[in-house]
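Please look over the structure shown below before reading the report that follows it.

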Amino acid sequence: MKSRFKRSPLPAIIFTLHIAFFAAYIFSFKILPIQEYPDWLYQGWVFKEMVFNGNTFDGYFTFHHTLPPNALSTFIIGTLSYFVHPITAGNVFLFLCLAALYTGAIRFMKMYAREFTTSTTATYIVIQLAAFTMAFNISFFLGNNNFVFGLGIALHSCVFIRQDHWDRNIFKSAVIFFFCYITHFFALLIFLYYLSGYLIIEKGIFKNFSFKDLFKNSSFKNLCIAILPVLAIFIHYALHKSAESPAYTLEPGLWNALKPRITLLSKVLGPLPRFKGIGNDSPVKILNYAIFIFYPVALFLSFASLRQNKLLKADPAIRSLIFFVILTPIIALALPVTYQGILYPGERFVLFWGIIILTLFIISRPKFIPISAIGFAIISIILCAHLWQKTLLFKEISHSGIPVFKNDPPGLIDGFTRLVYYQAIEQKTKMPIFFSGLLKFDTSIPFRDFARPPDTIDSTQKR
């Protein structure tokens, strides 16, 4: 069912308000409670110093001779730092992260809504509001900003392929693969995951399988050619990748092994971030669980509707969405708790799963759109107030020193743990980095040899 969204000023107003809040929140505070972001900000500053100012740091920092994932933030922040203060450059990058994910989620859900619903202003509004609540996700505040940016690019890429038919052009497809890769490897994986479901289930490239006919399919052939440069870059990176990675220690015991998987879905889809050492966290935790219930309920209602509407269920596009909504949580929960220094890699798939659920819900249950819009509007207002209040309190606490946490519950966002990097930028000093992007450093110098404030907590503390 093809349709166009009815013209109304309200969606444009809401979109403008959301973008304005992104800008107001990001640029109103010099320091934000984002856990690992100061490390990436510092790497951007080092990039600027080495490339534009000729600072060698006495050989302490060098560039990798490969092109790794997680490289784009260093390049963007470093390049912008040549023109503006590094903190301002970092704020621009954070704004781009939010805007990319927000607009990518909107375009993805809108793409399907246009085909299968009689689109109304309420439909577009609920898509906008849902995308807004997802932009400020736990990955953003944990400092996985490369992934947030990359997921936004991956969602845009899904639209470019399915709606705009970029798969007909090898160069455009190659550009998509490249930008997904250099933002975050999981962004590339999610895009390839979607591409596989789209080609196999919706386009049916294996319907009458034969290798001869397969490569007659122009889309499949073009995409195979387009991914070759990124594949070569990744193989070169993998062959020369250092075995060293951040060490995370998990508590022994069966419950400690199961708990991360049990709470994984609600932790990511609960829209209110929980911060360590910034006020009482209990009300936020309860509210997040209450909001998370919407997703399994929406999934149940969607399947109940599709069971009755067999014509809609038989559509290849709907079957591909059903495929994603079933398989994605299995992948997220089956991934190990730690892999290659990444803690909870399954988190990266959960946000995509939430977007798929919302897309299916909007298509199959249009009568629930008005009440869903009201619900997401209330959540959005609570989210804005929560973030502003917590960030103001974080600013007040951080001005009096960096607190030490001893008996705080694990799993919360610790915005204090890497604030030392802001001091390193202001004092123009070298510091070890914890996450490998474009840069590597001399590991022969122990971390303890670097001057640090006496009230700074140990950066190796698990989150």
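## Enclosed cavities

Across the whole structure, a search finds two cavities of 30 Å³ or more. The model examined here is a predicted one, and the second largest cavity in this model holds about 50 Å³ of space.

The lining of this second largest cavity is made by Val-126, Ala-130, Phe-294, Leu-358, Phe-361, Ile-362, Ile-369, Ser-372 and Phe-376. Two or more residues of that lining come from each of helix H5 (121-135), helix H19 (347-364) and H20.

## The chain as a whole

The protein chain contains 21 helices and four strands, and buried residues account for 53% of its 463 residues.

## One face of helix H15

Helix H15, which covers residues 282-292, has Val-284, Asn-288, Ile-291 and Phe-292 as its buried residues. Seen down the axis of H15, these buried residues fall within an arc of 100°, and therefore they line one face of the helix.

What do the buried residues of H15 pack against? Their partners are helix H14 (264-269), helix H16 (294-308) and helix H20 (369-399).

## Salt bridges

The whole structure has five salt bridges according to the search. In one of them, the side chains of Lys-48 and Glu-49 meet with a distance of 2.8 Å from N to O. Lys-48 is buried, with a relative accessible area of 9%, and Glu-49 is also buried, with a relative accessible area of 7%.

Another salt bridge joins Lys-430 and Asp-58, whose closest N and O atoms are 3.9 Å apart. This pair links distant parts of the chain, 372 residues apart, since Lys-430 belongs to the loop between helix H21 (420-427) and strand S4 (439-441), while Asp-58 belongs to the loop between helix H2 (37-51) and strand S1 (61-63). Lys-430 counts as partly exposed at 27% relative accessibility, whereas Asp-58 counts as exposed at 73%.

A salt bridge is also formed where the side chains of Glu-115 and Arg-162 meet, at 2.6 Å from N to O. Glu-115 lies in helix H4 (residues 86-116) and Arg-162 in helix H7 (residues 145-162), so this pair ties together parts that are 47 residues apart in sequence. Are Glu-115 and Arg-162 buried or exposed? Both of these residues are buried, and together with Glu-202 they are linked in a network of salt bridges.

Which residues does Phe-75 touch, when residues up to four places away in sequence are not counted? The contacts are with Phe-47 and Leu-438. Along the chain, Phe-75 and Leu-438 are 363 residues apart, and yet their C-alpha atoms are separated by 8.3 Å.

Notes
Residues are numbered from 1 along each chain as its sequence is written. This is a predicted model: local features need pLDDT of at least 70, side-chain atom pairs count only at pLDDT 80 or more; totals for chains, interfaces and linings use all residues. Side-chain values use heavy atoms; hydrogens and water are left out. Buried means under 20% relative accessible area, exposed over 50%, partly exposed in between (1.4 Å probe, protein chains only). The arc is that of the directions from the helix axis to the C-beta atoms. Contact means heavy atoms within 4.5 Å. A salt bridge is a side-chain nitrogen of Lys or Arg within 4 Å of a carboxyl oxygen of Asp or Glu. On a 1 Å grid over the protein atoms alone, a cavity is a set of points where a 1.4 Å probe fits but cannot get out, and a pocket is an open set with protein on both sides within 12 Å along at least five of seven lines; lining residues have an atom within 4 Å of a point. Grid points are joined across faces, edges and corners, and a volume is the space filled by probe spheres set on the points.
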